[in-house]
Every structure is written in structure tokens, then in C-alpha cells.
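Biologist: I am new to this structure and would like to go through some of its helices and aromatic rings. Could you show it to me?

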Amino acid sequence: MKRLFYTILSIFFSLFVTAQEDITTLKKEYYSTNSSIDKSTILFKISDYYLTSHKNTDSAFAYINKLEKNASIITDSLQTAEVLYRKAKAHYLSSNYEKTKSISKKALSVFEKFNAKDRAALVYVLLGHTHQVLFQNQEAIGYFLKAEQSALEKDKIQIYVGLGAVNTQANNLDKSIDYYNKAFNLSSKLNDRKYLYNIHNGFASIYLKEDEIEKVFESLNKALEEAKKSKDFLAQVVCHHNIGYNHLLIKNFTEAQTSFELAITLFNNISNKYMMGAVYMHYSEALMNSNNLEQADNNLAKAEQIFKDIKNTGRLPKILNIRAQIEQKKGNLQESITLLNSAIKLSKANEITGITQKNYFELSKAYEASGNKTEALEAFKRYNAISDSINLKKQRQEIAKMQTKFDLAEYEQDLKVSNQKRALLEQEKKTSNYRNILLAVVAIGLLLFIYWQRNINKEKQKRLETEKELMILKEKELHSEVQFKNTEITSFALHISERNKLLQSLNGKIKNIKKEASSSVKLSLAELQMYIKDHIEVNKEKVLLNSKAKETQDSFVLKLKENNTLTPKEIQVATYLRLNLPSKQIATQMSIAEQSVNNYRRSIRKKFNLEKDDNLTDFLNKLS
């Protein structure tokens, strides 16, 4: 009975430890904003505070109801699912497990509709804990394993904690230790201390079942340390109570009192009446065993009043048992007998076998102390009968536990195989979908490539047609230029011919003058004749060179014109250079200074980006 009581307490406080937020600031923000979306965000934070850090279900329900109204205004189904999830958590903390299950399933259907798998996993976790508290171990394991499939890595810690607690409950302690170790290792990997309290508390439950009391205290002290770090006052009270209760079991009454007193100092920070009543009740038992009877009476009265207020009659037989022991120590044997008979009647009505057995044992002692041997023997017989019944029941329970352990292991294995098959089918479905998508993408890509290729071909065709038209225009232009150049050459030749005729006429007249002139005049006239002759030769040479230059230009100038920066003079110089004329002759041909020709040459080299070692004439010859 003691172990069962401890286990239930451990289970009851195994959910959702989170950091405390400044609740006052959140409430101010809520009342100062007019945005429905902002209000919802703040309400979620406030609700989570009361569901996790403070564990005040009345306040949690108040703000969840506000959230529910706000969600109906926004008509956001996912938000509605989040509200339902928190409402289910609040009912869980209020021990209304039927409401927890029904509301969780509503939230679950919405999350699954929107494929919010990680959120659905949290609902599965809540359902797992709910069935665990109800000792429905097979259902609890099923929900925890479903949650494990789609939960985020950080949420798997609480899944392993839940699986550890279920297996402890089913006496499958090796598996329980394995799951708690998984939870601890994942907490270390993620540097997440949120569930370390639950993990250490879980290990304490295992060690208690194995009667390893030193390890129980070691784990409980670790759990207490984590509860202090997270400022979870209710968790601290639970740890102090459990430490005190275990000291009580091994009759360390002074240490037990110290632990219970530390728990009582934290009562102003919690609202859980059941936990307060449990602390006062076991504290009074420790005080009674230390013969501090007056304080024991006072604390027992507080415990009794709390359990009556919350209508928990299951704890009253234990309270009457402690009070009867106090009366025995005071010497009030008849009062003790009366209290024990009342306790037996109440424990039978509540079907609490363990406390009934204790009450008969204490009743036997009271009758013996009062000298009533007959009643003492009768009470002791009933105590033994219950002991035999309990032992038989324990044997049956052990067999049932072994069967349950086997059934759970088999069920868990079947469930894992089923989940693996489902995962494979989903993977095959995904692979098929990916393959179809890939084929569609390839088909679309092929169509786009064909379309793109056709556009490129059209562009090429247009470009070819444009180039063809340009070639025709260039040929026409070249033909026009050739005709113009031929006309120009003819005109130039006629002009030179006329000049030569004039010079020849002058030369004839000079000959006539020389016949009558003096020797000195004859010499001058001879020089003039030489000058005229030279000019006639130069003009003939010009006609020839100009003709060659014009012929060269027909095929060569087009190449030069590709460099748009060349001037007409530079093109003319380049043309003469291609005829291998030196700068001096080019200057004579163009009637410009030789330095100007050199300047044009430098400019041409620069515009064609020629190096110093490059021969300009060779370069120009390669252009055609």
C-alpha cells in the first residue's frame, strides 16, 4: 500500500515542467492590446504558465476559456486544436480523465486533418499518461509508441519518461530502466533539463520496488535539485514528501520530520490540496512516533480537514489509524479502540485492504493493553486472515503481473512491427509520389526544352535572314562604291592628263625661248624643263598608285571598316601601307607631311591593339 501510494504520487506529477514567465507582464500585455491574434498569443503563454510552472487548474481553465472564445472569432482550426489540447491538459491535472480522453481525441482529429504530426504526437503523449494513471498499461504503451513515430526529438524525452513509468507500474523494471536511461541520454544530448526531475523521480520508484533505499534517496535528492533549478514549487513539495515518507518507512523519524517541515514551508507557493493533506498526514505520523503528540494532533487535524474539503474519503481511515495510535500513547485505550473500529468500518467501505489490516493489528494491541484478551485474539485472527488474503492476492497479482509483463512485451513488439510495416508502406507511397513527380518534372522539362529549342532555331533563322540581307546590302554598297571609285579614278586620270598637256605645252614654249636666250637663261630654263618633266612623271605615278589603292580598297576597306574607330585618312594610309609604300611616298601621294603619315601609323597600331614587335604592314596584309 505504501509503495502504491508513493507510485501514484510519482505518476501524478510527471508532466510538463517548464520555465516560469513573468505572468504579471503577460497579463498587462493582454489587457493593453486590441489585436485578436496578439491576445491569442498572450493567452497561450498565460495558459501554459498555469498548466506547467504554476499548475493552477482554476486559473488555467479561466484563460483557456478566453482562448476558446477568441479562437471561435478567428475561426482558425489549428488554433482551435491547440486550445483543445490545453483544455485536455487542464482536465488531466484536475484528475478528470474521461474529459481528458474525449477532448484529446477531438484535438487529435484536427491536428491529423492538417497533417500537424508533431502536435498530434503531444496529444498521444497526454493520452499515454492518462491511461497510465488509470493503470491501463497496454493502452498507455500504444499511445506512447504512436507518439514516438512523429514526435520532435526534444519531445521524445517525455515519451521515454512515460514508457519508463508504465513499465515500472507493470513491474517490468529492466525495460523501465532502459527507457529512463534513454530519456536521460537524450536530455544530455539536447542539453534539456526540463524532464530531469521526472527521470530521477522515476528511478526512485524503481529503486523503491527493489528495496534499494540508498538509491531511492540518491535519486530523490537529484530530483529535488532539478525541481529547485526549474523553480517548480509543487515538484519540490513532492520530493520533500517522498524523502520524508521513505525516512518514515525505515523509522528515521527525525529526518522524516525535517523533510516534511521543508515541504510545509513551500505551501504558500502551491495550490494542490491533496499534496498538502498528504504532507500533514505523514508529518503527524512522524511526530507521533517521536512522542510529540500535541503537534501530531494539530497536523493530523489539518490533514483531516483538507481531505474532507476535497471529499477524499480514501485517506480518512489512515488518519483515524494515526489518531488511534496517538490516543494509545496518551493512555486513552477506549478512545483508541473506538477510533480503530470506525477506521475499519470506513476502510472496508472504501475497500482499502492494506489499511484495514493495519487497523486490525492496532486494534488487537489496544484490546490487549486494555486487558480484553478475547477481543484482542479476535482482532489478531482477522489481521492474520487479511494477511493470508493479502499474501494470496499478492501471489495472484505476481502471476498476473508476470502475464501482464509478457503480454505488454508481446504487444509492444507487435505494435513496433505494425508501425514498421506502416512506415514502409508510407515510404513506398512517398517514393511512388516522388517518382510520379519526377516523371512529371522531366516531361515538363522536355516540353520546355523543345519549346526553347524551337525559339532558338527561329532566332537563328531570323539572324541568318538578317545577315543575308546585310550581305546583299553590302554587295550593293560595294558595287556602288566600285562604280563611284572607277568614275573617280577616271576623273582623276583626266585631270592629270590635262595638267600634263599643259606642262608639255609649257615645255615646248621654253624650248623656243632657249634658242634666242643667253647661256645663263638657258641654264635656268633647262632646270625648269627638268622640274616640269619630274611633275609629269609624278602625276603618271599618282594615277597608277591611286588606281592600285582603289583596287585594294574594294576588298580591304570592308575589313578596316569593321573597326568603327578608324578615320577616312587612317583608312587611306592603311591602304597605301598594304601596297608596301614607305611613309615618304605616302606623304607625297596624299600631299601631306611625312610626320603626319607616321602619326596616322601610330594611331592605326593603337586602334588595332598591336604590340611594339608586331609589323603593321604584315598585319594589314592578313586582314583580307
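Biologist: How many Å does helix α17 reach from its first C-alpha to its last?

Modeller: This is a predicted model, and the values are computed from it. Helix α17 covers residues 316-330, which is 15 residues. At 1.5 Å a residue, the expected span is 21 Å, and the reach in the model is close to that, at 21 Å.

Biologist: Is α17 mostly covered or uncovered, and how many of its residues are buried?

Modeller: A residue counts as buried under 20% relative accessible area. By that cut-off α17 is mostly covered, and the number of buried residues is 13 of 15.

Biologist: Which residue just after α17 takes a positive phi?

Modeller: Helix α17 ends at residue 330. Just after α17, a positive phi of about 95 degrees is taken by G331.

Biologist: How far apart are the end C-alpha atoms of helix α5?

Modeller: Helix α5 runs over residues 77-93 and has 17 residues. At 1.5 Å a residue it should span 24 Å. The distance in the model agrees with this, at 25 Å.

Biologist: What kind of aromatic pair do Y30 and Y31 form?

Modeller: The whole structure holds 13 aromatic pairs. One of them joins Y30 and Y31, with ring centres 4.9 Å apart. Planes over 60 degrees apart count as edge-to-face. The angle here is 75 degrees, and the pair is edge-to-face.

Biologist: Which residue lies over the face of Y30?

Modeller: Y30 counts as buried, at 10% relative accessibility, whereas Y31 is exposed at 56%. At 4.3 Å from the ring centre of Y30, the residue over its face is K39.

Note on methods:
Residues numbered from 1 in each chain as written. Predicted model: local features only at pLDDT ≥ 70, side-chain atom pairs only at ≥ 80, totals over all residues. Heavy atoms only, no water. Helix = DSSP H or I, 4+ residues; strand = E, 2+ residues; numbered from the N terminus. Expected span 1.5 Å × (residues − 1). Buried < 20%, exposed > 50% of the residue type's maximum accessible area, 1.4 Å probe, protein only. Phe/Tyr/Trp six-rings, centres within 6.5 Å; stacked < 30°, edge-to-face > 60°. Lys NZ or Arg CZ within 6 Å of the ring centre and 35° of its normal.
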